[in-house]
Amino acid sequence: MFLKQLLEDDFNQIVDERLSDASEELANSPYNTKLGLNMADDARKVVAGQLDIQSFHKKYHASLMKEFGEHVAQEAPHTKGNRGVKWGMVIDLQKCVGCDSCTVACKAENRTPPGISYNVVLEREVGEFPHLSKVNLPMPCMHCDNPPCVQVCPVRATFKLDNGIVTIDNDRCIGCRYCIVACPYGARSYDFGESYEDEMLGFNDVTSPEYGIERGKREPKKTPIGTVRKCNFCLHRLERGEEPACVETCIGDARFFGDLNDPNSTVAKLANNPRAFRLKSDLGAGPNVIYLK
């Protein structure tokens with residue numbers, strides 16, 4: 001009952017509490033903090049239709065060349081995969097029991113280091129005693145149609161695939177963290193290179209299966225260390241014809257995954273359900289993770 005009474009703004013507030021302080025985030029980066037903050041603000045204006053992309057590039061071209069040099073001239077990597085398919089996820093909040101099996105499955109599948117989880121479940125108690133209820137809000141990357149993280153990346157390391165997935169080329173990423181402060185959902189993390197060396201045997205035997213291949217032991221310039229990381233809908237699993245790990249392991253059957261462009265798919269039908277809503281829909285980013293309340 002409480003869940004149905006909540007408005008989109010109530011869920012947006014839960015998300016905002018997750019966000020890190022932008023200035024503090026960039027203070028740990030060797031690159032220009034003010035430039036990153038300004039670009040992040042304007043990138044959101046671009047996706048909201050308040051600033052055209054040509055004006056955005058014209059405004060920041062000189063500053064980017066000064067700060068990042070020849071890296072800025074690189075073109076975005078060639079996109080790949082399933083033209084015509086648009087991968088998306090629907091999460092039924094009435095079915096989510098807050099067990100965190102999705103978080104554990106994601107961490108095990110992607111072998112993320114300490115402090116980095118591509119998928120988290122935010123919690124909030126609503127109501128007053130004795131009429132209390134707990135709201136669970138699972139949060140993977142939203143894989144937006146118009147992602148501000150892509151607009152703000154100075155080296156084009158963040159980009160969209162043809163299938164709608166927003167991904168990161170860790171070989172291009174320089175770890176400036178501008179995308180972290182531009183993302184309105186807090187879906188990105190910086191990899192400081194920490195490991196589970198003190199907690200488990202074999203901590204360094206295998207690493208994240210980025211792009212469907214093993215990258216060997218965690219080492220700078222070889223594996224995602226000193227770069228930004230995020231959920232990519234388990235792209236390596238999709239390429240094998242499997243579902244994302246969080247969908248496969250959800251014990252409440254709260255997650256649905258499929259092609260939003262296929263009107264006959266389960267996710268497309270659920271996305272048009274009267275219970276459906278998107279987080280921060282007013283921003284214009286067009287998230288492709290849809291919730292049912």
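## How α4 and α5 pack

Let's start with a helix pair in this predicted model. The axes of α4 and helix α5 (residues 53–68) come within 11 Å, with a crossing angle of roughly 160°. Angles over 145 degrees count as roughly antiparallel, and α4 and α5 are therefore roughly antiparallel to each other. As for handedness, α4 and α5 make a left-handed crossing.

Who does the touching? On the α4 side, the contact uses Leu 35, Asn 38, Met 39, Asp 42, Ala 43 and Val 46. Helix α5 answers with Ile 53, Phe 56, Lys 59, Tyr 60, Ser 63, Leu 64, Glu 67 and Phe 68. Sorted by type, the residues of this α4–α5 contact come out as nine nonpolar, two polar and three charged.

## The largest pocket

Now for the open space: the largest pocket holds about 480 Å³. Its lining is made up of 27 residues, and the ones closest to the pocket centre are Ser 20, Glu 25, Ile 180, Arg 188 and Ser 189.

Several elements give two or more residues to that lining: α3 (22–27), α4 (33–47), α8 (178–182) and β6 (188–190). Helix α4 turns up again here, giving the most to the lining with four residues.

Notes
Residues are numbered from 1 along each chain as its sequence is written. This is a predicted model: local features need pLDDT of at least 70, side-chain atom pairs count only at pLDDT 80 or more; totals for chains, interfaces and linings use all residues. Side-chain values use heavy atoms; hydrogens and water are left out. On a 1 Å grid over the protein atoms alone, a cavity is a set of points where a 1.4 Å probe fits but cannot get out, and a pocket is an open set with protein on both sides within 12 Å along at least five of seven lines; lining residues have an atom within 4 Å of a point. Grid points are joined across faces, edges and corners, and a volume is the space filled by probe spheres set on the points. Axes are lines fitted to C-alpha atoms, for helices over the stretch in contact, and angles run from 0 to 180 degrees between N-to-C directions. Angles under 35 degrees count as roughly parallel, over 145 as roughly antiparallel, 65 to 115 as roughly perpendicular and the rest as oblique. A crossing is left-handed if the near helix is turned anticlockwise from the far one by less than a right angle, and right-handed if clockwise. Contact means heavy atoms within 4.5 Å. Ala, Val, Leu, Ile, Met, Phe, Trp, Tyr, Cys and Pro count as nonpolar, Asp, Glu, Lys and Arg as charged, and the others, Gly among them, as polar.
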